[in-house]
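Welcome, and thanks for taking a look at this one.

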Amino acid sequence: MIRGKPDDDEYWNSSKFKAFTFDDEDDDFTRLKESKRAVNSILVEDEDEEDEVEKVNWSGEPVGSISWSVKETASNIRSTGEVRDLSFPKIDTAPSLPKNSSGYSLSSLFKGKAKTGSLQSFSESFSEQSLRNYAPELRKPKSEYKDYISDWTPEETVKRMQQGKAYSLEKFHFLQDKLLLLDEAVNAHDGNVITAVLIFLKKSLSKEILFRELIAREIALRHYIHYLKEMGEHKHLVELFKSLGRTEDMALMQYRDHLNIKDENRRRDFLKNCLSLPFSQEDATHVLDHYTLLERQIIIEANDKHVESSSQADIFKKYPRKASILNMPIITTLYYSCFYHYGESEGTYSSPANIRKTFRISDKQFLLTCLGARAKLKAWFDVDALFTTKNWLGYTKKRSPIGFHRIVDILHKNNAPVQVLQEYVNLVEDTEQKISLAQKYKCHDVIINTYRDLKDRQLLIGYREKVERSSPEYRKIEELLCNSQIRWKN
Amino acid sequence: MAHSVRRDAPELPDFSLLKRLARDQLIYLLEQLPGKKDLFIEADLMSPLDRIANVTTLKEHEVDKLYKVEHKSIVSTSDQLCFLIRPRIQTVKWICDVVNADKAVGKFRRYKVIFCPQKFYACETLLEEQGIIGDVTTDEWSFYLLPLDDDIISLELPEFFRDNFLEGDQRWVRTAGSALHLLHSLYGPFSKVYGIGRCSKMAYESWREQVKEGEQRVRQADIGNVFLIDRDVDLVTPLCSQVVYEGLVDDIFRIKCGCVEFGPDVTSSDKSMKVMLNSQDKVFNEIRNEHFSQVFGFLSQKARNLQTAYDKRSGMDIKQMKTFVSEELKGLKKEHRLLSLHIGASESMMKKKTKQDFQEMLKTEHSLLEGFEIRECISFIEEHINRQASMVESMRLLCLLSLTENGLLPKDYRSLKAQYLQSYGVDHLLTFSNLKQLGLLVEQQPGETLTVMESRVGKLVNDKTAGKLTDAFSSLAKKSNFRALSRRLNLVPKSDEEYDLRVPRDMAYIFSGAYIPLSCKLIEQVLERDGWTGLEEVTRMINGHEFAVTGSNGSDPRGRSDAQRIILVMFLGGCTYSEISALRFLGKEKGYKFVVVTTAITNSARVLESMLDNHA
C-alpha cells in the first residue's frame, strides 16, 4: 500500500493561498500542486517519482485561479463566473448507478458517521452552506495531519487513485462505506479503479456478502468476473456464477477447462464429467457430441496407428496419415473415415455410416464430405455411386441435394479429369450455366453437343476458332458443320 | 457531386511531435535504471517501439540485450532487468515467476517494470501478493498515441474492443480520456465535441475531468472539432469485405503498425520484404483509397509513364544524361521499385481472391446489406460451413446475417450453429456464447412476448430483482435495427442505378457502391447539422448515448476557421482502413480534413478473432 509522503506537509504549511480556502479543502490545493508537479516531473527531472501520473502537460504556467479549482472540486454545482475557457459541460453518463442502491440512504450515513469528518463528497446532496459550517470544526489540527492521511472521502479516494497518488482503503470498514467507495469508482468510469476497489472488497468481505452486493451492480460485477477470469480463479468464479443463478455461464466456464488438458484420455474423462453440467438443452447435446467424438477418436486412432505400423492396409501405405485424428472436428473425422474407412459396415465406429448416424449429419453435408474424400483419392467410381439412384424399374438416374455446378467445382478442385468433369457439367440444368462451366473447364464435347442441340451454327463456327486445329474437337465440329441432316436455325 | 470537390482543405498539424515526446519519456525512464541492463519487450509493443526509436537509441541508454517477452524462463546474465510491457495479468505473472525463480537460487538482480501506457492496480496487487515489490520497481510509459500516418493516430490497443464491449471492463476508458487530453493540450483547445456511444460518453467525461484538473495553456487551436464514436454503434461496417486497396491489403496481408510484409509471391524474388505503407510512398498514396477495380488501370498507366520517362534517355547528349542521372534517375528508380511492388501485391491479391469465390461472397454480402434473397444467402453460408471453408469467414457471414436481420430465426440459428460446431469444432460453443453476449450473433426474440413476460415477472418480484431482469431482457432485445437505419439514412443506394467506381459519387464507393458505412454516415450527418437535431429516430434505434457539446471557447472569435474544419474522429474499439478512406473522400467533398484516432486498426478477422475462446 502506498503511503502518503512527508512532503505533503510542506505543501500544507507553505501554502500562500491558505487565506483563500477552507481548511477542509486545503487538500484540494495539495492535490492541485501535486498534479502539477507530477506533470512537470515527466519533462524535468524530479527526485520524487512516486507521484508521477500519466498526464503530460507541456506548459509550466501557473495554475489559473485557485478559488476556481476549489469550487470545482468541492462541489459539482457549476458556477459560471470564474470558470475559464477550459470548461466543457458535464454530460450525464448513463447508466450511472444510484448511490444508494444498497438501500442505505446518504442521510442516514451522514448522521451515523458525522464524526469521521469525511463529508465533502456528500456535498452534492446537501446545501453547500451547512456543510461548510460543519467542516472546519471537524478538521483536526494540522500537526496531526499525518495520522489522518487516509481521511479521504470515497470520492476523493477514487480521484486520488485515478491520479496515481497515495491513497488508503484501510479506513473503509463499514459495509456502507465500502459500497459507497465501489459506487464512486463506478461513477468515475475508471475500470482500473473499479477493479482495485473490488480487489479490496474481495479481501475484506465474505463471498456471500460481496456476491449479494454485486448482484445489483452490473458494471462492478462484470469487472469482477473479468478480473477473476484473468487471474484464473475459476473456483471462485464458479461460486459467483452459482450464486447469481447464471448456471449456463458456469457450465461453459467449466467446460472451457478441457482445453487445458493435453492427455486425450484425461480430456475424455473430463468431458464425461461435463455432461452433468447445467448447459442449455441445445448445448448439452453438443457437449455430448464432443465427448462421444473424442471417445471414438481415441478408439479409431489406436486402431489405425496399429494397422499403419504393421502395414496391414494398403491405403495407409499409399497415403500415410499426416496427423492424428484426435481432437479434430466432426466433419474432419467424417472426411478421414471416408478416406481411410470407406465401405466399412455401419457396425464399426470408424465407418462413415456410423459417424453420419451418431452425429446426425445432414445429407448435404455427408455428400459434400464424402465427395471431397473420394475425389481426392480419384475414386471416380465411388463418386459416381454417390449420385446414382435407381428407380423401381431399375433405371438409374443421377440426383444430388446440391446443385451439380457446385459438384463440378469440387471435382475440379480435386483435379478430376475432363472425362469425369464433363459428365457432371452435362447434368447442370441451366444451359447458360452449363456452357460457362464447360468453357471454364474446357469440356469441349459438352459445348459442342449443346450448340448442336441448340442448332446454333454460328456459335459452333465461333467455337471452332477457339479449339486447336487438327484436335479431335476441331474434327468433331467440322463433321457436324458438314452434316446435312441437321437443320440449323442460322 | 464529384465535380464539386473542394480544394481548400486545411493543412494537418504535425503529429510527429507525439513520437518525439514518447521517445524522450522512454529515454528518461531507461535512465532511471542506470547501468547496463537487459530489456524484455512485450511482443505487441515491438512494432510501436520500432516506429519511435531504434536499437541504437536503446543501446545509447545502456540497454545491453533485447528480448521478446515469451512467457518462458529466461537466459539473461545481466544483473539488471527491465521489462517493457502492457499492463496484463499474464505478463506480470510471468515476471513474478522470473523474479521468484531468481530468488530461489539466490540470484540477486534489480528489476524494473515499465507499464505502457499505464499501470493497473490489479498488476501491482499481483506483484505485492508475490512478495516482490521492492525487488521490482514499476513505472509508466505514457505512450498513448502512435501516429501511423499524416492523418492516422493509433493507440495500438487491440484488446480495447474485447475488454470494453465483451467483458464490460472499463479499464481503457481513462486511457482514451488521457489520449484525448494529450491531443487537446497539444493541438487544442477543441471547441466542439460530438459523440455517440456509452464508452464515448465516458471517455469524454474522463477527458473533461482531466482538463479540469490540469492547466491549459492558451494557444491557437489546430484542431477545432472532435467526434467520438463507439465501435459497437456500427458493427456491420468492420465485418464487410474490404475492396478499397489499402483495406484489401490489410485483409489479405495484415498491415501491422503501418507496415506490411510481402511474401515471395509479391516480391517475385525468394525473399519477403517489409514495406511501410503511408503517404511517403507516392505510388501507394495514389491508390490506397481507390476501389480495387481501378487500381490495375492506374498502375499500368503509371508503368507507361515510367517507361516514357526512362525512354527520354535515348537521344540525350552527355550533359543532359548527367543531369538526368543526378536528378531524375534516383526518383524514377524508387518509383519503379514501388510500382513493381504494388503490381505484385495486386496480382497476388487477385489470385487469392479468385481462388475463394470472392465474387459470390461479395454478392452474398451485398444481398445481406440490401435485405434481398436472404434464403439464398443462408444456403450460401451453410455451404461455406459445410465445406469447412475459412472458419473466420463463416463466422463473419453469420454475424453479418444476424446484424442485418436483427438476429436469426431460432430454427436457423440452431441449425447453423450445429453445423458450425460440426465443421470447426464443438469448442466453438464458447465463441458462440461470446458472440451472443456482444450481440454479434443472436437469435431473434419475439418482441411482444418479451414485454408481456417482463411486466408479468416484474409484478411478481421485488424491485431489485426486477431491475436485474430488465437488464437481462434489454440485452436480449438489443437489436441492431440495421434495416430501419439503412432506410432512414439511405445507406444502401438503389441497386437499379449503375455505380461508376471511377467517379465515386458518395462514400458507398468503398463497398463497390453497395453500402455507405453507417459510422461515416453518422459523422457526415452530424457535421452537416452541427449536432444531432433531426436524427432523433436514428439515435433511438442505435440506442445511442449521443451528445454534442460546445466548449466556452467555441464562440472564441480568434478561433481559426481552418481549425474548425479539421475534425478529429476517435473510434473507440477500432476502425478499418475502408472507413478512413471513406472519411478522406468525405473530407475532399466538404472541405474538411479528418484526423482519425483509433484504439487500433481493425478488420473483420481481427474483430472475430478477438471473440475466439477455444484455445488454452
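## A covered strand in chain B

Strand E9 of chain B, residues 225–230, is mostly covered, with six of its six residues buried. Please keep in mind that this is a predicted model. The briefing begins with this strand and its partners, then turns to rings, a helix, salt bridges and a surface patch.

- Strand E8 of chain B (residues 192–196) pairs with E9(B) in the parallel sense, over five bridges. Within this pairing, Gly195(B) stands opposite Leu228(B).
- Strand E13 of chain B (residues 566–572) also runs parallel to E9(B), and six bridges join the two. Here Val226(B) stands opposite Leu568(B).

**Aromatic contacts**

- How many aromatic pairs are there over all chains? The count comes to 34.
- Tyr194(B) and Phe227(B) form a tilted aromatic pair, 6.3 Å centre to centre and with 35° between the planes. Tyr194(B) lies in strand E8 of chain B and Phe227(B) in strand E9 of chain B, so this pair ties together parts that are 33 residues apart in sequence. Tyr194(B) and Phe227(B) are buried.
- Tyr592(B) and Phe594(B) make an edge-to-face pair, because their planes lie at 70°, with ring centres 5.8 Å apart. Tyr592(B) is buried, and so is Phe594(B).
- In chain A, one aromatic cluster is formed by Phe316(A), Tyr319(A), Tyr335(A), Tyr336(A), Phe339(A) and Tyr340(A).

**Charges over rings in chain A**

- The ring of Trp152(A) has the charged end of Arg160(A) sitting over it, 4.0 Å from the ring centre.
- The charged end of Lys171(A) sits over the ring of Phe172(A), at 4.8 Å from its centre.

**An enclosed helix in chain B**

- Is helix H6 of chain B enclosed or open? Eight of the eight residues of this helix (residues 159–166) are buried, so H6 is largely enclosed by the rest of the structure.
- After H6(B) comes Gly168(B), which has a positive phi near 70°.

**Salt bridges**

- Over all chains, the count comes to 68 salt bridges.
- One of them joins the side chains of Glu233(A) and Lys202(A), at 2.9 Å from N to O. Glu233(A) lies in the loop between helix H10 (218–231) and helix H11 (234–244) of chain A and Lys202(A) in helix H8 (residues 191–204), so the pair ties together parts that are 31 residues apart in sequence. Glu233(A) is partly exposed at 23% relative accessibility, and Lys202(A) is partly exposed at 25%.
- Glu239(A) and Lys207(A) meet in a salt bridge of 3.2 Å, N to O. This pair links distant parts of the chain, 32 residues apart, with Glu239(A) in helix H11 of chain A and Lys207(A) in helix H9 (residues 207–215). Glu239(A) is partly exposed, with a relative accessible area of 36%, and Lys207(A) is partly exposed at 32%.
- In chain B, Glu393(B) forms a salt bridge with Arg396(B), the closest N and O atoms being 3.1 Å apart. Glu393(B) and Arg396(B) are separated by about one helical turn, because they are three residues apart in helix H17 (residues 391–404) of chain B. Glu393(B) is buried, and so is Arg396(B).
- Salt bridges that share partners join Lys90(A), Lys159(A), Glu205(B), Arg208(B), Glu209(B) and Lys212(B) into one network.

**A nonpolar surface patch in chain A**

- Which residues make the nonpolar surface patch of about 480 Å²? Trp392(A), Leu393(A) and Tyr395(A) do.
- Trp392(A) is placed in the loop between strand E1 (388–390) and strand E2 (396–398) of chain A. With a relative accessible area of 78%, Trp392(A) counts as exposed, because the cut-off for exposed is over 50%.

Methods
Residues are numbered from 1 along each chain as its sequence is written. Chains are lettered from A and ligands numbered from 1 in the order in which they are written. This is a predicted model: local features need pLDDT of at least 70, side-chain atom pairs count only at pLDDT 80 or more; totals for chains, interfaces and linings use all residues. Side-chain values use heavy atoms; hydrogens and water are left out. Patches are made of residues with over 30% relative accessible area and no salt bridge: like charges are joined within 9 Å, nonpolar side chains (Val, Leu, Ile, Met, Phe, Trp, Tyr) within 5 Å. Accessible areas come from the Shrake-Rupley method with a 1.4 Å probe; for residues, only the protein chains shown count as cover. A salt bridge is a side-chain nitrogen of Lys or Arg within 4 Å of a carboxyl oxygen of Asp or Glu. Helices (H or I, at least four residues) and strands (E, at least two) are DSSP runs, numbered from the N terminus. Buried means under 20% relative accessible area, exposed over 50%, partly exposed in between (1.4 Å probe, protein chains only). Two strands pair if DSSP finds at least two bridges between them. Rings of Phe, Tyr and Trp (its six-membered ring) pair if their centres lie within 6.5 Å; planes under 30 degrees apart count as stacked, over 60 as edge-to-face and the rest as tilted. A charge sits over a ring if NZ of Lys or CZ of Arg is within 6 Å of the ring centre and within 35 degrees of the ring normal.
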